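I opened this entry to keep track of what I looked up, one item at a time.

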Amino acid sequence: MKGMQGLGVLLGVLALSPALAAETAVAEATDPLWMVGLKAFLVIFGLLTAFAYMTLVERRLLARIQIRQGPNRVGPTGLLQPLADAIKSIFKEDLVVAKADRVVFVLAPMISVTFAVLTFGLIPFGPKDAFFGYDPWVIDLDVGLLYVFAVSEIAIYGIFLAGWASNSKYSLLGSLRSSASMISYELALGISLLAPVLLVGSLNLRQIVEWQHQNGWLILYMLPAFAIFLLTSMAEAARTPFDLPEAEQELVGGYNTEYSSIKWALFQMAEYIHLITASALIPTLFLGGWRMPGFMEQIPVIGGIFSLPYLWMFVKIAFFLFFFIWVRGTLFRLRYDQLMVFSWGRLFPLALVWFLLSAGVVAFGLPLSLLAWLSLASLVGFLVYAAVTARPDPKAPSRLGNRGGVRV
Amino acid sequence: MSIAALAQSMGITLRALFSKPVTIPYPDAPVPLKPRFHGRHVLTRHPNGLEKCIGCSLCAAACPAYAIYVEAAENDPENPVSAGERYARVYEINMLRCIFCGLCEEACPTGAIVMGYDFEMADYRYADFVYGKEDMLVEVEGTKPQRREAKYTGKPIRRGYTVPYVRPELEGFKPPKTK
């Protein structure tokens, strides 16, 4: 996996230069370069706008979960709040710590946000030529998934360099902690994706979507992989159950302690863009991408809307964004050791076992339905486990030992 | 923390998401106050119109913040101001010193000073926070800045609260109309 990551990073860097990418990795280079550029601009513009409004939506939804109203003062029902936030964060005093490594200090948030933005263009939003006669994706790479993870992993460098360049021990500790947890989760993330990739036989996101259109959504065959991917992508985007990188309630902050003004906003931006990318990747990989299942398109009269491009992708992205906010409004933050134990002790072995099972199914040419049954069995097993652990025996010694009779 | 408990808590937050927010958008909507709210003091009158205050200064003595200043004078028997022998010629409360504890109300032997409901007293000058009789008698509506604003704009005084009912001690006090 380490080797693969290294290779991925290399390929990712190569793919950054469009000219190189056009020669080496583009499957069907059909769109003219100016169109690719325009679409890249649109994606980046869209992502930044989505980030801005995501902050508003998140604040409003979290407020409603806490039975409050949330920001509603700027503009009609608070719709201009992101604008006000942007103006505020741009015009705030931009501090650079006296002993910071100035170059790296300035560079770190840029690295974070740049590499966060770079992955979204791979996600297909419709069939070929659906974007005014052009393809509804920026670039179509055969190494698609590998590129996505290689590039989004570079964002960790932003975090690490930020902590290091701040020349403050708390920032450094925070950044070490964040990079350690992110790299740990990266492991389970990568392995959970090996199984679907093996099954589909392609890393190309477009082909993964096509495969799902023909054979049914991958979530049916790959439920454990889906669950692991969902959890780990939350950790990758530093979302609440795993948001130790900036545990604002108990720490001053993590790697971003010394950052202020627009540099701090850039870190936020990177984090939200990771989140949006994750909520676009999850449906692309497991929930049929921009398509709805084939049988729905057969329904008379209304069947047509199930094959519309864009629509379903946006619906699915919105669903997962909502899900992430919902989780943030509900769950508490894991302690650091729990975080690591959960990744290395639970998710990683589970991902490995599932990978071996599905590799066996693929290698021996067993029918696809076997995987569906295995998925179902794992779901049943999970529910049984949930039911068994539902009411813990209050007298049983807790994992941390019985302290004064109180179950910790 | 079991998985079942996690699922249960997700359900709780989902239900909360669709419940009505408890937020009161205060400057836009009035705050519902309880009848015993400790707001700006009211100097009440007897039903025949005479002031209840007899200028005994017990309120000033009880005041832990030394916010009250009373100067008493003899009533003119022909044309009395209060029901007693004497009345308060000057009755001032410094609202910046007042801690709205209500001890003045408890000390008052005639029930003249009663805690009211007005709380919107933010103003610009120190002197404007000293409320005299003309600002606190029961028929006076609103606070100093509110009345000043109403005078300039020509609009009725807008008080940012509602009360379900006025307690009997505040007889004669007219709260803003509850919807």
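**Entry 1: C108(B).** I began with the contacts of C108(B). Leaving aside neighbours within four places in sequence, I found C108(B) in contact with L58(B), C59(B) and I113(B). I note here that the model is predicted. I then looked up where C108(B) sits: the loop between α3 (103-107) and β5 (113-115) of chain B. Buried or exposed? C108(B) counts as buried, because it has 21 C-beta neighbours inside 10 Å and the cut-off for buried is 20 or more.

**Entry 2: the annotated cysteines.** I checked the UniProt record next. The unreviewed entry places the feature "binding site" at C53(B), C56(B), C59(B) and C108(B). They are spread over 56 residues of sequence, yet they cluster in space, with 10.4 Å as the largest C-alpha distance.

**Entry 3: C53(B).** I moved to C53(B), which is in the loop between β2 (41-43) and α2 (58-62) of chain B. How many other C-beta atoms lie within 10 Å of C53(B)? I read 28, so C53(B) is buried. Setting aside residues up to four places away in sequence, C53(B) touches L43(B), S82(B), Y87(B), A88(B), Y91(B), T110(B), A112(B) and I113(B).

Entry 4: Y87(B), A88(B) and Y91(B), which C53(B) touches, sent me to strand β4 (residues 86-94) of chain B. In what order do the strands of the open sheet run? I noted β3-β4-β6 (chain B), three strands with antiparallel pairing. β3 (68-74) and β6 (130-131) of chain B are at the edges; each has a single partner strand, so one side of each has no neighbour in the sheet. Seven bridges join β3(B) to β4. I looked up one of the residue pairs: E71(B) has V90(B) in β4(B) as its bridge partner.

**Entry 5: chain A.** I counted secondary structure here and got 15 helices and zero strands. Chain A has 408 residues, of which 42% count as buried. I also checked sequence separation. Of the contacts in chain A between residues at least 6 apart in sequence, 78% join residues at least 24 apart.

**Entry 6: where the chains meet.** How many residues of chain A are in contact with chain B? I have 14, against 13 residues of chain B. On the chain A side, α3 (33-65), α13 (311-330) and α15 (368-388) each supply at least two residues. By class, I logged eight nonpolar, four polar and two charged residues on that side.

Technical notes: Residues numbered from 1 in each chain as written. Chains lettered and ligands numbered in written order. Predicted model: local features only at pLDDT ≥ 70, side-chain atom pairs only at ≥ 80, totals over all residues. Contact = placed C-beta atoms within 7 Å. Helix = DSSP H or I, 4+ residues; strand = E, 2+ residues; numbered from the N terminus. Nonpolar A, V, L, I, M, F, W, Y, C, P; charged D, E, K, R; others polar. Buried ≥ 20, exposed ≤ 12 C-beta atoms within 10 Å, placed from the backbone. Pairing = 2+ DSSP bridges. UniProt positions renumbered as here; feature names shortened; annotations may be inferred.
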